[in-house]
Amino acid sequence: MQQRATTTAEPPTAPTPPNDAAPRSARLATAAAVALFVVGLIIVSQGRVPLAPRMAGLVLLLFEQGVVVIAYLAAAAGWGTALGRVIREPALDAAGFAGRLILGLGLMALIMWLLGWAGQLNAFTAWGLGTVGWALAGWQTYQARDHWWLKPSEQWPTLPWPVLLAIPAVTLLIGAACIPPGILWSSEEGGYDVLSYHLQLPKEWIAAGAVQGYAHNVYSYLPNLFEVAFAQLGLWRGSMVDASYTAQLLHACMAILTAVVIGQLVASRTTQIAGALAGGLYLAVPWTIVTGTLAYNEQAVAAFAALAFAVALHLDRPAAEDEPERSAFADGRRGAVVGAFVGLAVLTKLTAVGVVALPLAFVLMMNRQGGRNRQLIRLAGFGLAAGSIVSLWLIRNALWTGNPVFPMLTGLFGTGHWTAEQADRWSGAHHSTGLFAGLAALGRTALWHGQFAFVLWPLLIAAAVVAWRQASTRRTAKLLLGVLAIQLIFWLLFTHHQSRFLVALLLPACLLIGLSWPAWRSAAAATTTFALALTICTVVSFTLYLTQLDGGAARYIDTLNVLRHPESPLPTPFNQVNRHVPPNARIYAEAFATPYYIDRPISYHTAWDASPLGRFIVEDRFDSAHQWLADQGYTHVVIAWDMLDIWREPGNYGYDSNVDPDQLHAFAEQALTPVEQVGIVQLTILYAVRQR
């Protein structure tokens, strides 16, 4: 007789009461982060010259401009998520929402760049790109299975406690971006390049309805991918000047996104605490604050590079950690993904060739998994993708000037519309003065430069030593030290040794510091060391900000309209010119290459470009010069005498050799009538052209 099998049932257990300790701690951490953010904004808005209403002005400005930035990022999220589903790259998934934002922003900017090249830079295309992005984001949100707003108690954001240490840097980054371009950071001459081309060129492109190269502004021949993103914001806002804060806040967001990707990458290999500290350290370094609060492009380069490193380092892992069988096609595809981000970085800033492209090629070359054939496949994918994107700029420049890399390599490919003297001046100013000169400059530009906060490089050396000694982290240390070495060699041999160009080292440096976490003697030692370095960087950054403009930088928060208005109580060359010329005036500028705020028609040229007036006064043809001004319809002339002298100083950039200060003075006395000295620090004079 067959017996029925029996089983012993486990005794029923009482239901476990819900444990709300984690949600409660998450809420407390979030509340602390909000409180720190508010306190940070108060410090930024009050500065050393307190004025309580300024805080309200900052908050209102952030609300007004933040809506536009959030809308732009939302469109980028739609584009990025759609493209991410096509790419299907695990490393991008690990980068999370920040990775999708960066991916989408790069795609949207590239499409706008192509449209601008085709002469379609207008409100229709700008809003059309945004609308498609918003539609994609809306559809993706609708399709999502888990909507966080339906389960707020379960989806409350959890923050590793070190994130709190990074909040002050975030507030400084966002708050200082609400000071108009041309005011903040003495190391950048108040953002001179912003007024000269980063925002000035988008202003001109919007007026022209196309991205164009200009003989008066050589920077228009650089790739300028992120500047086209600024132009899209300008079209949304109605003018580029009205989008000034929006552009700066977008660049600040790129720094934050870079820090998040650093944190995600480090956390995926170590701990969330290590990731939060590494990302926070990147944000807190003063150079990140300085570049991130201006409408520059360094942080966009860093964001694209961060995703490239995320994919390359993920590819470098053993296949067992990635997928059961990695095919040759998958290797090539992932190499192409790395190359695509590198291409976007180069299309953003040309120095990315040496500080992003070469280091990433090195990382892929060091990956020998699957043998030599697989290695070559990865490199082929990398080169094909990067080359395809960069070739767009090469083709455009070749069509515009005959030189695909103008204004570089003019001796090889031709000088375009330039003279040989102009090409020589550019080459002389933008090339390295030699290895030994670079090594001599390295101390003052990096090791002892206050905007690296003094603790970054010692911490990097300590982290490298610790990581090298541990077998589990040695390979990562070798890769990132190789990256840093390539970047430094490029800086020494192929740049003119500016401290700002070393900002590119911050990304691999913070990655190496964070990824060295498991090799430290204890988690407590690593936490204490990293947190202390982050705190010191934050203090140095705030100190730098609070000492700008003799402690009065905060007075300029939300003063864009004041700076432009002719009756402004804050005297600047911009509103002084606007004040003293009639609405129908037309202005010619000599040695004055920052006309961004001037709202009258103005012709200017950079220090590198030819002076239209110079060809007359070089031969003392003052009557011809006077007649030329009248024939062109110029009613006024602005001459920045001090800047002319500065450019002509030995060892400086130089200026059009046709423009001799003595001859220019003689011409001014004969043909021009002084109206007003409009320069505050520098001698800049507005003249009226005498009637003939």
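Predicted model: local features only at pLDDT ≥ 70, side-chain atom pairs only at ≥ 80, totals over all residues.
Residues are numbered from 1 along each chain as its sequence is written, and side-chain values use heavy atoms, with hydrogens and water left out.

Five strands form an open sheet. Their order is β2-β1-β3-β5-β4, and the pairing is mixed. Strands (E, at least two residues) and helices (H or I, at least four) are DSSP runs, numbered from the N terminus. Two strands count as paired if DSSP finds at least two bridges between them. The edge strands are β2 (602-603) and β4 (672-677), each of which pairs on one side only. Strands of a sheet pair through backbone hydrogen bonds, either parallel or antiparallel.

Both senses occur here. Strand β1 runs parallel to β2, joined by two bridges. Ile-587 has Ile-602 as its bridge partner in β2. Four bridges link β1 to β3, again in the parallel sense. In β3, Ile-587 is partnered by His-636. Strands β4 and β5 (residues 684-689) run antiparallel and share five bridges. Gln-677 stands opposite Ile-685 in β5.

In a regular strand the side chains alternate between the two faces of the sheet. Strand β1 (residues 587-590) shows two directions: Ile-587 and Ala-589 point one way, Tyr-588 and Glu-590 the other. All four are buried, where buried means under 20% relative accessible area, exposed over 50%, and partly exposed in between (1.4 Å probe, protein chains only). Helix α28 (residues 641-648) lies across β3 (636-640) and β5. The helix runs at about 45 degrees to β3. Such angles run from 0 to 180 degrees between N-to-C directions, with axes fitted to C-alpha atoms, for helices over the stretch in contact (heavy atoms within 4.5 Å).

The structure holds eleven salt bridges. A salt bridge is a side-chain nitrogen of Lys or Arg within 4 Å of a carboxyl oxygen of Asp or Glu. Arg-334 and Glu-89 form one, at 3.0 Å from N to O. Arg-334 lies in helix α14 (residues 328-348) and Glu-89 in the loop between α2 (53-87) and α3 (90-117), so the pair ties together parts that are 245 residues apart in sequence. Both residues are buried.

Arg-500 pairs with Asp-193, their closest N and O atoms being 3.6 Å apart. Arg-500 sits in the loop between α21 and α22 (506-515) and Asp-193 in helix α6 (residues 192-198), so this bridge ties together parts 307 residues apart in sequence. Arg-500 is buried at 7% relative accessible area, whereas Asp-193 is partly exposed at 22%. Both belong to a salt-bridge network that also links Glu-188, Glu-298 and Lys-349.

Arg-378 meets Asp-331 in another salt bridge, with the closest N and O atoms 2.8 Å apart. Arg-378 lies in helix α16 (residues 371-401) and Asp-331 in α14, so the pair ties together parts 47 residues apart in sequence. Arg-378 is buried, at 0%, and Asp-331 is buried, at 1%.

The surface carries a nonpolar patch formed by Leu-435, Phe-436, Leu-439, Ile-489, Leu-493 and Phe-494. Their accessible area together is about 630 Å². Helices α19 (435-447) and α21 (471-494) each give two or more residues to the patch. Patch residues have over 30% relative accessible area and no salt bridge; like charges are joined within 9 Å, nonpolar side chains (Val, Leu, Ile, Met, Phe, Trp, Tyr) within 5 Å. Areas come from the Shrake-Rupley method with a 1.4 Å probe; for residues, only the protein chains shown count as cover. Leu-439, in helix α19, is partly exposed at 44%.
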